[in-house]
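Please look over the sequence and the fold before reading on.

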Amino acid sequence: MRKIIPNLILLVVVTLIWTGSGITNTYGATPVKETVKGKVVKPVDASKEAQAKPTTQKSNYDLLQGKWQSVEDKTNFVIFEKNQRKEISEGMEDWDESAYVLSDKCVNDSNKDTVVAKEKDRYISIMGDDLCCYIEKLDATTLSISFMGRGNTFTYKRVK
């Protein structure tokens, strides 16, 4: 009996130390707590964390904002600021400015009755010039637009 009590106490102490140390037991259970730089934190399930964080994808409106330089004509620049579009090229004295509308279809006078597939924020209607273009590609660095009715496509790179 004298040997059993110290062995039981030793077994209990070892078990408490072992389960509190963060070691995974033989059944695959993970510890409830881990210590990081003196702070107690719960382990994070990576799959749940990935589901909890929504992807932050910018809208076409947000991506469009800023200054763009034509890939084909290095003297041609387009700026989108809020709902104003400005353009300048070689030979022009001042910026050509016009309001634009970003929408699911063309809304300018000449193209508003054109039958097109509706796509969220893929059409830029340049109201003062009565033009509409379709956004072929838009990301953080590239803007490619095709003018409705004309069919010509222009590609721009973002500049500062």
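Two residues are said to be in contact when they have heavy atoms within 4.5 Å of each other. The model is predicted: local features need pLDDT of at least 70, side-chain atom pairs count only at pLDDT 80 or more, and totals for chains, interfaces and linings use all residues. Residues are numbered from 1 along each chain as its sequence is written, and side-chain values use heavy atoms, with hydrogens and water left out.

**The barrel**

Strands (E, at least two residues) are DSSP runs numbered from the N terminus. Two of them pair if DSSP finds at least two bridges between them. Strands of a sheet pair through backbone hydrogen bonds, either parallel or antiparallel. Here eight strands close into a barrel, in the order β3-β4-β5-β6-β7-β8-β9-β10, with antiparallel pairing. On average, neighbouring strands of this sheet are turned by 35° against each other, direction ignored. For such angles, axes are lines fitted to C-alpha atoms, and values run from 0 to 180 degrees between N-to-C directions.

Strand β3 (residues 66-70) is joined to β4 (residues 77-81) by four bridges, and a hairpin of six residues links β3 to β4. β3 also pairs with β10 in the antiparallel sense, again over four bridges. Between β9 (residues 142-147) and β10 (residues 153-159) there are five bridges, and these two strands run antiparallel. β9 and β10 form a hairpin with five residues between them, and Gly 149 in the turn has a positive phi of about 85°. The table lists some of the residues that stand opposite each other.

| Residue | Opposite residue and its strand |
|---|---|
| Trp 68 | Val 78 in β4 |
| Trp 68 | Arg 158 in β10 |
| Leu 143 | Tyr 156 in β10 |
| Ser 146 | Thr 153 in β10 |

**Thr 153**

Thr 153 lies in strand β10. Its relative accessible area is 39%, so Thr 153 counts as partly exposed; buried means under 20%, exposed over 50%, and partly exposed in between, with a 1.4 Å probe and protein chains only. Leaving aside neighbours within four places in sequence, Thr 153 is in contact with Ser 144, Ile 145 and Ser 146. The C-alpha atoms of Thr 153 and Cys 133 are separated by 8.9 Å, and the two residues are 20 apart along the chain.

**The cysteines**

How many disulfides does the structure hold? There is one, where a disulfide is a pair of cysteine sulfur atoms within 2.5 Å. Cys 106 and Cys 132 form the disulfide, with their sulfur atoms 2.0 Å apart. Cys 106 sits in the loop between β6 (96-103) and β7 (123-126), while Cys 132 belongs to strand β8 (residues 131-138), so the pair ties together parts that are 26 residues apart in sequence. The torsion about the S-S bond of Cys 106 and Cys 132 is about -85°, so this disulfide is left-handed. Both Cys 106 and Cys 132 are buried.
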